[in-house]
Amino acid sequence: MIPRNLVYNRPETLAEAASAFAAAREEGLQPYYLAGGTEITTFARRGLIAPGALIDLKNVPECRQLGREDGELVFGAALTLNEIVGEGSFPLLAAAAKIVDNTVRNRLTLGGNIAGMLPYRETVLPFLLTAAEARLFGPEGEREVPLAEVFSRRLKPGPGEFLVQLRVPEAEASLPWFRRRRVKQSRLDYPLLTLCVLRAGEGIRLAVAGAFDAPVRSREAEEIVNEAGAPAADRAARAAGAFGLRVRDDQRASAEYREELLRGALEEAIRELGGEG
Ligand SMILES: Cc1cc2nc3c(=O)[nH]c(=O)nc-3n(C[C@H](O)[C@H](O)[C@H](O)COP(=O)(O)OP(=O)(O)OC[C@H]3O[C@@H](n4cnc5c(N)ncnc54)[C@H](O)[C@@H]3O)c2cc1C
């Protein structure tokens, strides 16, 4: 049960959304932008957060945009994961968004997955591998910046800002790709490891979720994977240890097991995407 009265606001424009958030904050209510609402509801029920106002982004057209514009693919933050899976213009993203089951994917959103508090944030991985731009809106208006400027382990919008869209150069969306997702039991589980890979002109780009406490792209691991001449197995083993982050170790899997999953997936990626030395 959520033991509080909540102000619920459903703006129809970007400006209305930012104003509603600012007004709620001024009134001393703790505002949250809301999309699918699954995480907000769960966390509020458990008493982990105490929202006083919810600003629902689902009626803001820019947050629901999906398509092509000026040589870019546009993904609105309030799109459901199923809408992204079904559209498929960025095949690696469509694969990465295929988490949980069909029913839950009708609820979970891109923005909620990337901005959420759970450590997996699997849908950000494909974007981290491209020159993706994040379009944000807040009290100062709109800005568009490279995703890397506002995403480091988690989304870091400015005060009162929300994610409107992610935009990807069309040419990068069709690069050869690879994804491996490893779970403990059922494919509905949270991942022990998700590896997303794109093969670009300069070589392999890779990003990982599940193995660490946040999703990451590792240039150090990429350098090793792209070394010419060395055997795939050797490069994969060295790259798996090159992230410089503590591997998760919990009741679902040991750090050694997760690192072995990462090594195996990297070797598969090198072989499949033709980078074998
Ligand atoms: C059954 C289940 C299984 C799951 N399995 C996985 C999994 O395997 N892998 C994985 O990566 N995730 C998994 N998740 C996590 C899930 O993807 C996120 O918790 C979920 O996407 C949140 O989406 P939502 O739209 O419901 O978010 P909401 O609950 O609406 O919001 C979540 C958070 O994001 C913020 N937010 C939402 N939209 C925006 C925006 N546009 N700009 C700024 N902030 C915003 C909200 O303020 C809130 O803090 C699972 C969740 C469930 C319920």
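Strand S2 (31–34), helix H2 (38–45), helix H6 (110–115) and strand S10 (162–169) each supply at least two residues to the shell around the ligand. Helices (H or I, at least four residues) and strands (E, at least two) are DSSP runs, numbered from the N terminus. H6 contributes the most to this shell, with four residues. There are 31 residues around the ligand, and Gly-36, Thr-109, Gly-111, Gly-112 and Tyr-120 come nearest. A residue counts as near a molecule or strand if its C-beta atom, placed from the backbone, lies within 6 Å of it. By class, the shell holds 19 nonpolar, eight polar and four charged residues. Here Ala, Val, Leu, Ile, Met, Phe, Trp, Tyr, Cys and Pro are nonpolar, Asp, Glu, Lys and Arg are charged, and the others, Gly among them, are polar.

The model is predicted: local features need pLDDT of at least 70, side-chain atom pairs count only at pLDDT 80 or more, and totals for chains, interfaces and linings use all residues. Residues are numbered from 1 along each chain as its sequence is written.

The protein is divided into domain 1 (7–56), domain 2 (61–172) and domain 3 (175–272). These bounds come from an automatic or database domain assignment. Domain 1 and domain 2 both give residues to the shell around the ligand, so the ligand shell lies between them. The C-alpha centres of domain 1 and domain 3 are 36 Å apart.

Pro-61 lies in the loop between strand S3 (53–56) and S4. Pro-61 is exposed, with 11 other C-beta atoms within 10 Å. The burial classes are buried (20 or more other C-beta atoms within 10 Å of the residue's own), exposed (12 or fewer) and partly exposed in between, with C-beta atoms placed from the backbone. Pro-61 and Ile-114 are 53 residues apart in sequence and 19 Å apart in space, C-alpha to C-alpha.

Five strands form an open antiparallel sheet in the order S4-S5-S10-S6-S7. Strand S4 (66–69) and strand S7 (141–146) stand at the edges, each with a single partner strand, so one side of each has no neighbour in the sheet. The twist averages 25 degrees from one strand to the next. Helix H1 (residues 14–26) packs on this sheet and touches strand S6 (133–138), S7 and S10. The direction of H1 makes about 60 degrees with that of S6. Contact requires C-beta atoms, placed from the backbone, within 7 Å. Axes are lines fitted to C-alpha atoms, for helices over the stretch in contact, and angles run from 0 to 180 degrees between N-to-C directions. S4 and strand S5 (residues 72–76) pair in the antiparallel sense over four bridges. Pairing requires at least two bridges found by DSSP between two strands. Glu-69 stands opposite Glu-72 in S5.

A second open sheet has four strands in the order S11-S12-S13-S14, again with antiparallel pairing. Seven bridges join strand S12 (residues 193–200) to strand S13 (residues 203–209). A hairpin links S12 to S13 through two residues. Cys-196 stands opposite Ala-207 in S13, and Leu-195 has Val-208 as its bridge partner. S13 is mostly covered, with six of its seven residues buried. S13 and S14 form a hairpin with six residues between them. In its turn, Gly-210 has a positive phi of about 90 degrees.

How values were computed:
Contact = placed C-beta atoms within 7 Å.
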